[in-house]
Amino acid sequence: MDNDGNSGLDDVHLWPMRYDLHSHSKASDGHYTPEELVALAQKKGVEVLALTDHDTSAGVSQAVAAGRKLRMHVVSGIELSCLWHGNQIHIVGLSINCGSPELQALEKSQAEKRDARAREIGMRLEKHGFKDAYENTKAMAAPGASITRGNYSSYLFKVGAGPTEEYCFSHYLDKGKPAYVAPVWPDLETIVKTVLAAGGIPVLAHPSRYQLNNNWVLRLVRDFKNCGGEAMEVSSAMQSFSERELLTKIANKHELLCSCGSDFHHEKTNLDLGIDLSIPEGGTPVWKSPKFRLEC
Ligand code: AMP
Ligand code: MN
Ligand code: MN
Ligand code: MN
């Protein structure tokens with residue numbers, strides 16, 4: 001102990017912090033404003049939260065302001081959509097510089113694509129009796145929000161199209177269903193390179209949720225790494241411990257850092273804030289990256 005009685009322990013975390021590095025706000029298809037989300041995460045025991053809205057970083061500044069006020073750590077983030085061999089793949093960018101011209105240009109073109117697709121989904125739903133589906137879905141979202149099929153499933157549920165949002169999604173919005181509109185996202189390399197240009201850490205999101213068999217998951221991880229990918233999510237909500245261990249082994253094999261995130265949108269799903277998202281032993285957490293930065 002120092003002579004002045006200061007043990008220096010203030011700067012040392014004696015127990016692991018609770019990181020949740022994947023979450024959504026009303027800037028896309030989450031149900032809470034960035035401020036409400038940060039407050040809720042704190043209430044649920046999260047210590048470091050990344051806001052990663054679909055194809056937009058518009059909510060980050062509000063989340064950071066809320067983090068400063070509530071003394072909660074916030075990481076800037078985004079979840080970008082791309083196409084890889086016809087599959088919709090999500091790449092999370094962590095510790096991004098939101099003002100990056102490359103990222104801003106991509107956000108603008110993704111927003112245009114999302115709006116065109118949302119209008120088309122709306123027209124298809126109209127044909128199934130949901131009058132003004134596009135306008136009503138937009139009205140439920142925050143002004144300027146990035147509209148996803150998640151927003152549409154919330155709208156369909158609200159107007160009584162089914163007993164749960166999941167039901168509405170799988171009956172109307174999923175591939176092969178009446179209001180499915182194939183997206184036209186950029187390729188994997190374009191997205192990874194844009195995250196890198198913004199100084200961020202490209203993270204392959206929820207690798208087990210793409211309905212790919214093991215060989216294709218390995219192919220995806222390899223391609224992602226070859227494009228410049230730096231981390232992958234090994235720990236998500238609703239995932240078994242053995243699956244987390246397997247993903248950690250895959251991450252190690254490809255020299256990728258390990259990330260964890262709930263993918264929280266709202267409390268009506270099982271993807272909840274504050275659950276145990278610890279990274280299995282042997283994995284190197286993404287927060288060890290020299291690029292990982294807390295905004296507050
Ligand atoms: P999009 O990026 O427009 O294709 O929409 C993807 C979003 O739809 C996801 O981020 C989720 O919020 C939502 N979603 C995906 N699968 C389901 C599901 N089975 N039930 C409800 N919402 C879903
Ligand atoms: Mn979503
Ligand atoms: Mn996703
Ligand atoms: Mn997500």
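In this predicted model, a polar side-chain atom of arginine 114 lies 2.9 Å from an oxygen atom of ligand 1. Histidine 54 makes a further approach through its side chain. An N or O atom there is 2.9 Å from an oxygen atom of ligand 1. Glycine 150 contributes through its backbone instead. A polar backbone atom of this glycine is 3.3 Å from an oxygen atom of ligand 1. The surroundings of ligand 1 include these residues, His54, Arg114 and Gly150. Asp29, Gln88, Arg117, Thr148 and Arg149 also belong to the surroundings. So do Ser153, Glu166, Phe169 and His265.

Helix 5 spans residues 149-158, and helix 6 spans residues 165-173. Their axes come within 8 Å and cross at roughly 110 degrees. Angles of 65 to 115 degrees count as roughly perpendicular, and helix 5 is therefore roughly perpendicular to helix 6. The crossing of the two helices is right-handed.

Helix 1 and helix 2 form another packed pair. They cover residues 34-43 and residues 60-70, respectively. The two axes come within 8 Å and cross at roughly 45 degrees. Helix 1 and helix 2 are therefore oblique to each other. Their crossing is right-handed. Pro34, Glu35, Val38, Ala39 and Gln42 of helix 1 make the contact with Gln62, Ala63, Ala66, Gly67 and Leu70 of helix 2. These contact residues comprise 6 nonpolar, 3 polar and 1 charged.

The pairing of helix 7 with helix 8 involves residues 188-197 and residues 214-227. Here the axes come within 9 Å, with a crossing of roughly 45 degrees. This angle makes helix 7 oblique to helix 8. Helix 7 passes helix 8 in a right-handed crossing. The contact between helix 7 and helix 8 contains 6 nonpolar and 3 charged residues, with no polar ones.

Conventions: Residues are numbered from 1 along each chain as its sequence is written. Chains are lettered from A and ligands numbered from 1 in the order in which they are written. This is a predicted model: local features need pLDDT of at least 70, side-chain atom pairs count only at pLDDT 80 or more; totals for chains, interfaces and linings use all residues. Side-chain values use heavy atoms; hydrogens and water are left out. Axes are lines fitted to C-alpha atoms, for helices over the stretch in contact, and angles run from 0 to 180 degrees between N-to-C directions. Helices (H or I, at least four residues) and strands (E, at least two) are DSSP runs, numbered from the N terminus. Angles under 35 degrees count as roughly parallel, over 145 as roughly antiparallel, 65 to 115 as roughly perpendicular and the rest as oblique. A crossing is left-handed if the near helix is turned anticlockwise from the far one by less than a right angle, and right-handed if clockwise. Contact means heavy atoms within 4.5 Å. Ala, Val, Leu, Ile, Met, Phe, Trp, Tyr, Cys and Pro count as nonpolar, Asp, Glu, Lys and Arg as charged, and the others, Gly among them, as polar. A residue is near a molecule or strand if one of its heavy atoms lies within 4 Å of it. A polar contact is a pair of N or O atoms within 3.5 Å; within protein, one must be able to donate a hydrogen and the other to accept it, and residues adjacent in sequence count only if both atoms are side-chain atoms.
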